[in-house]
Amino acid sequence: MENRKEEKVILFPRRLFLRLATLALAAVLALGLTACDSLPGSGGHIVKPSTGTSQPFEMHFIDVGQALSVLVECDGQFMLYDGGNVDDGSLVVSYLQKQGVEQLQYVFCSHAHEDHVGGLAAVMAKFPAGHAYSPVTESSTKCFNDFVKYTQQQGLQLEVPSVGTVWPLGSATVTLLGPVTQYSETNNTSLVLRIDYGSTSFLLTGDMENTAETDLVNSGANLKADVLQVGHHGSSTSTGYLFLNAVLPEMGVISCGTGNKYGHPHEETLSILRDAKVDVYRTDLQGTITIGSDGQNFTVGTERFVPDSQLNPTDPSSSSTAQQAYIGNVNSKKFHLPTCANLPAEKNQVLFSSYDEAIAAGYTPCASCIK
């Protein structure tokens, strides 16, 4: 971490109740109330220079441009989640070598798109692995077939893991939460991993989109995590309000490329992260992002310093009710915030994407949660 120009020490004085209250308040503010800006240093964030020391647990969001590659280390054991594009293979290999990687306990391909599986062939050609996982074992693309080829050259078979599988990584635990059903859309087949180390927790989502997010929430999986890898490079097709409300992260990390043609991260996603008081980190602006944990607190190191105003440039004063989801009760014709204690049973729910949409459908606001 000696080359990074910024490191933050993140403490956790706030527990779940306070984060729920913050998210609920953000939802109310989305109705048109004006919020005060956070004071510098609020939320337990203390900026300090990098010390160059490592933590027993580290998660590296490697800067692979408009792609994703995450290296996780705990107690000297390593796993890799995605490898970026084909052209990123040598970069990822070089980065792993610099981190002292000699072998990988696990290699995960979140899904079969090139910007996630592309660099994994180079990784498998260089580093012995204990297991290699993917949501599928076959694909029509050369980059996926190359990944399979180098996996098999190690004497391994590509495995499709089952939801609920738990793997040890040093003293950390890795749990597969999703996908919870079959999808025709490749992004929604992304392997969703929860990683716990001490009382700190991390969620890797690949390119999972809203449909799979909702199914995952409804599955009852334990999604609450301190750090969220924001899905699909910050696209508005991911990180829906209901999903974010289930995760309640302190930090959201977006892996995307500078000036990418998709416009990632989208303003809609940045707005909902801002309203939920999630601290945003971005590889397109900050380079490789490394999060270290001692099991209680974590540090965040970045290659470049960027002001918060640039990381999430959305204007709070421009928030509109169109960015707020509401849940209607088909029986009472009332609509609620997703955080309301009086939500109807799932079979009686209807989702509205805005306040105006609910009103136009003949629903009236719940007096308890919408003031």
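The following legends describe close-up views of a predicted model.

**View 1. The seven-stranded open sheet.** Strands follow one another in the order β8-β9-β10-β11-β12-β13-β14, with mixed pairing. The edges are formed by β8 (166-169) and β14 (279-282), each of which pairs on one side only. On average, neighbouring strands of this sheet are turned by 20° against each other, direction ignored.

**View 2. Pairing of β12 with β13.** Strand β12 (residues 227-229) lies parallel to strand β13 (residues 251-254), and three bridges link the two. Within this pair, Q229 is placed opposite V253 of β13.

View 3. Strands β17 (residues 326-329) and β18 (residues 334-336) run antiparallel and are joined by two bridges. Here I327 has H336 in β18 as its bridge partner.

**View 4. The largest nonpolar core and the surroundings of F57.** This core comprises 31 residues. The residues with the most contacts inside the core are F57, M59, M79, F108, L193, I195 and I291. When neighbours within four places in sequence are left aside, F57 is in contact with V72, E73, C74, A172, I195, Y197, F202, I291, G292 and S293. Two of these partners, I195 and I291, are themselves listed among the residues with the most contacts inside the core.

View 5. A separate core is made up of 28 residues. Among them are L71, Y95, L104 and F144.

Note on methods
Residues numbered from 1 in each chain as written. Predicted model: local features only at pLDDT ≥ 70, side-chain atom pairs only at ≥ 80, totals over all residues. Heavy atoms only, no water. Pairing = 2+ DSSP bridges. Helix = DSSP H or I, 4+ residues; strand = E, 2+ residues; numbered from the N terminus. Axes fitted to C-alpha atoms, helices over the stretch in contact; angles between N-to-C directions. Core = buried A, V, L, I, M, F, W, Y, C linked by side-chain atoms within 4.5 Å. Buried < 20%, exposed > 50% of the residue type's maximum accessible area, 1.4 Å probe, protein only. Contact = heavy atoms within 4.5 Å.
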